[in-house]
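Please keep the sequence and the structure in view while reading.

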Amino acid sequence: MMEISAQLVKKLRELTDAGMMDCKKALVETKGEIEKAVEYLREKGLSKAAKKADRIASEGVVSVEVASDFSKASLLEINSETDFVAKNDTFKELVQKSAKIVFENELSEVSSLNTSVVDGTKFEEFLQQNIAKIGENIVIRRIDTIKVQGNAVVNGYVHSNGRVGVLIAIAYKKESSKAKAAELARNFCMHAAAMKPQVLSYTELDSEFIKQEKVALIAELTKENEELQRLGKPLHKIPTYISRSELTPAVLEQAKKDFEAELQKQGKPEKIWEKIIPGQIERFIADNTLIDQRLTLLGQFFVMDDKKTIAQVLENVGKELSDELEITKYVRFELGEGIEKKVEDFAAEVAMQMK
């Protein structure tokens with residue numbers, strides 16, 4: 001029998017949480033090759049860490065790191081099975097070390113993190129050790145890093161509960177705009193954390209999606225109008241369009257002509273039309289971009305000034321600075337989004353065990 005050191009057995013046990021003798025046997029069978037031994041235990045159903053990997057991890061934490069000069073920022077989501085474990089000191093240390101690697105190495109792919117080294121150990125192995133210690137499945141679900149150069153900043157925000165994190169990069173023309181751009185990026189991040197825009201701009205919504213959403217939105221508003229009518233309250237306007245992408249120059253020109261015709265019908269002097277029509281056009285755009293207001297960052301009304309969209313705030317601040325500001329990147333992670341949580345039926349589980 002091949003001689004297996006106690007140190008090697010201990011290392012395999014930390015990785016898999018399998019029994020001492022099972023670890024020793026696995027190492028003998030695989031001639032001391034640790035990775036093959038891990039796979040051996042997994043195939044035999046003896047690796048507790050491997051079994052934990054089958055369990056759904058939808059809790060955990062989102063972490064944000066931002067450079068002091070706003071030149072780069074990173075975002076990390078690590079999932080655990082329970083919220084209780086997310087408060088565990090070992091888990092917190094895992095998050096801290098993982099976030100540091102992501103930030104310092106400017107990583108944006110989990111695969112790159114897995115091949116990194118932490119405390120002299122390959123990250124995958126380091127993670128398995130922590131899974132064994134913590135006693136729950138832990139998953140590095142996603143990471144992202146934004147790095148900017150020249151006249152640009154990136155800032156971030158993580159909500160106090162650690163469940164939502166956002167990064168936003170803003171470019172500008174004048175160096176004197178840097179501090180204001182960084183502040184604005186932070187405020188926009190806080191807005192996005194609360195209002196959940198899915199994409200930056202309406203340009204990221206394809207025409208087929210808009211077509212489908214229009215049918216659903218009109219049906220939704222029509223249904224709500226039935227209840228509002230019953231209650232004697234003002235009804236929703238049923239929009240003709242729902243996204244800025246549909247408001248072509250021809251559509252806006254026709255809207256302008258319609259407003260002019262209405263003002264003429266009302267007997268308003270033509271010399272005051274130019275003061276009235278811009279506001280009417282602005283209202284027309286707001287009434288016909290409802291899907292942008294729900295799903296896009298630039299199309300939403302800013303929570304700190306709900307009379308203006310994010311795009312309008314960006315433009316206005318640019319004018320105040322005699323500059324042009326542009327959001328160039330937007331990333332938002334919400335903990336567990338898209339993960340189907342397992343609902344445990346405790347009574348059924350007990351009954352199954354009693355058979």
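## Basis and terms

Two strands are said to pair if DSSP finds at least two bridges between them, while helices (H or I, at least four residues) and strands (E, at least two) are DSSP runs, numbered from the N terminus. The model is predicted, and local features need pLDDT of at least 70, side-chain atom pairs count only at pLDDT 80 or more, and totals for chains, interfaces and linings use all residues. Residues are numbered from 1 along each chain as its sequence is written, and side-chain values use heavy atoms, with hydrogens and water left out.

## The sheet E1-E2-E5

Three strands form an open sheet in the order E1-E2-E5, with antiparallel pairing. Strand E1 (59–66) and strand E5 (139–147) stand at the edges with a single partner strand each, so one side of each has no neighbour in the sheet. On average, and with direction ignored, neighbouring strands of this sheet are turned by 10 degrees against each other; here axes are lines fitted to C-alpha atoms, for helices over the stretch in contact, and angles run from 0 to 180 degrees between N-to-C directions.

E1 and strand E2 (residues 72–80) are joined in the antiparallel sense over eight bridges, and Val62 has Glu77 in E2 as its bridge partner. Helix H5 (residues 89–105) lies across E1, E2 and E5 and runs at about 145 degrees to E2, where contact means heavy atoms within 4.5 Å.

## The sheet E6-E7-E10

A further open sheet of three strands has the order E6-E7-E10, again with antiparallel pairing. Its edge strands are E6 (152–158) and E10 (326–334), each of which pairs on one side only.

Seven bridges link E6 and strand E7 (residues 164–171) in the antiparallel sense, with Ala152 standing opposite Ala171 in E7. Helix H8 (residues 178–195) lies across E6, E7 and E10, and its direction makes an angle of about 35 degrees with E6.

## The helix pair H1 and H2

The axes of helix H1 (residues 6–16) and helix H2 (residues 20–29) come within 9 Å and cross at roughly 110 degrees. That makes H1 roughly perpendicular to H2, a term that covers angles of 65 to 115 degrees.

Leu8, Val9, Leu12, Arg13 and Thr16 in H1 meet Met20, Cys23, Lys24, Ala26 and Leu27 in H2. By class, this contact of H1 with H2 has seven nonpolar, one polar and two charged residues, where Ala, Val, Leu, Ile, Met, Phe, Trp, Tyr, Cys and Pro count as nonpolar, Asp, Glu, Lys and Arg as charged, and the others, Gly among them, as polar.

How values were computed. Parallel < 35°, antiparallel > 145°, perpendicular 65-115°, else oblique.
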